[in-house]
Amino acid sequence: MTALDKISGGKMTKKILIISGSPKKDGNTQALIDEFVKGARSKGAETEVIHAAFLKYKANGCTSCRACQKSDKYECAINDEAKPVLKKMADVDIIVMATPLYFFAASAQLKLIFDRMFSLYKWDNEADTMETPLKGKELILIGSAYEKTGLDALEAPFRITAEYSGMTFRSLLVPDAGESGDVRKKTGDLKHAYELGKEIG
Ligand SMILES: Cc1cc2nc3c(=O)[nH]c(=O)nc-3n(C[C@H](O)[C@H](O)[C@H](O)COP(=O)(O)O)c2cc1C
């Protein structure tokens, strides 16, 4: 249980932060997020959706300035709209990253935030230690693609990051999702997204 978990009526309210990496506000990623959120809320979870593609950035991703490693706080030194999102990642119980498959990888829009998670770790190379407030949380990947090829490659960095960080991991990967918006006609995939939200909410 994290410090920010709330107890209501004997049940812990889960806080879920969903970060969309799609540039489409009504595309396949959003359709899957919508169903996931409905499922999670049906179980009382608190959800917030952030669109990485529409944040105002002062840098094109992590600049490797390492200022975060010299500070006691787990915070990024770049003062832009991504900074509070990173802080929220440290505060919630579950982080969902949702992305279309772009050339067998996550979208660049999602990667802009993903690399700045560097600020959520403290490394002591002499002592060979790493600490992160992400430990004990859950990371979920929601990915969709026009075809099938490459969804395993998409999943790998998220799964390995979760393992590295002491987080549990699961994913919902949707092949044959079609072009943006087509997945709204695929009731089976929408149901899977809803059920996943319900399961973890
Ligand atoms: C720039 C770009 C690259 C893409 N690369 C792939 C790909 O490598 N493999 C694939 O199956 N689909 C690919 N797609 C299709 C999208 O992954 C797929 O339609 C996805 O469900 C769209 O989600 P969205 O509506 O949220 O953007 C690509 C689409 C775009 C625009």
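A residue counts as buried under 20% relative accessible area, as exposed over 50%, and as partly exposed in between. Phe118, with a relative accessible area of 25%, is therefore partly exposed. The model is predicted.

**Ligand surroundings**

- The ligand is surrounded by 18 residues, of which the closest are Thr29, Leu101, Ser144, Gly178 and Ser180.
- A polar backbone atom of Glu147 lies 2.7 Å from an oxygen atom of the ligand.
- For Tyr146, the distance from a polar backbone atom to an oxygen atom of the ligand is 3.1 Å.
- For Phe104, the corresponding distance between a polar backbone atom and a ligand oxygen atom is 3.2 Å.
- The ligand taken alone exposes 640 Å², and the protein buries 78% of that area.

**Aromatic pairs**

- A pair of aromatic rings is described by the distance of the centres and the angle of the planes.
- The model contains four aromatic pairs.
- In one of them, the ring centres of Phe114 and Phe158 are 5.1 Å apart and the planes stand at 75°, so this pair is edge-to-face.
- Phe114 belongs to helix α4 (residues 108-114) and Phe158 to helix α5 (residues 151-165), so their pairing ties together parts that are 44 residues apart in sequence.
- Phe114 counts as buried because its relative accessibility is 14%, and Phe158 counts as buried because its value is 3%.
- The rings of Phe118 and Trp123 have centres 4.8 Å apart and planes at 40°, so the pair is tilted.
- Trp123, like Phe118, is partly exposed; its relative accessible area is 30%.
- One aromatic cluster is formed by Phe118, Tyr121, Trp123 and Tyr164.

**Gly143**

- Gly143 is located in strand β8, which spans residues 138-144.
- Because its relative accessibility is 0%, Gly143 counts as buried.
- Apart from neighbours within four places in sequence, Gly143 is in contact with Thr99, Leu154, Leu172, Leu173 and Val174.
- Gly143 and Val37 are 106 residues apart along the chain, and their C-alpha atoms are separated by 15 Å.

Key: Residues are numbered from 1 along each chain as its sequence is written. This is a predicted model: local features need pLDDT of at least 70, side-chain atom pairs count only at pLDDT 80 or more; totals for chains, interfaces and linings use all residues. Side-chain values use heavy atoms; hydrogens and water are left out. Helices (H or I, at least four residues) and strands (E, at least two) are DSSP runs, numbered from the N terminus. Buried means under 20% relative accessible area, exposed over 50%, partly exposed in between (1.4 Å probe, protein chains only). Contact means heavy atoms within 4.5 Å. A residue is near a molecule or strand if one of its heavy atoms lies within 4 Å of it. A polar contact is a pair of N or O atoms within 3.5 Å; within protein, one must be able to donate a hydrogen and the other to accept it, and residues adjacent in sequence count only if both atoms are side-chain atoms. Accessible areas come from the Shrake-Rupley method with a 1.4 Å probe; for residues, only the protein chains shown count as cover. Rings of Phe, Tyr and Trp (its six-membered ring) pair if their centres lie within 6.5 Å; planes under 30 degrees apart count as stacked, over 60 as edge-to-face and the rest as tilted.
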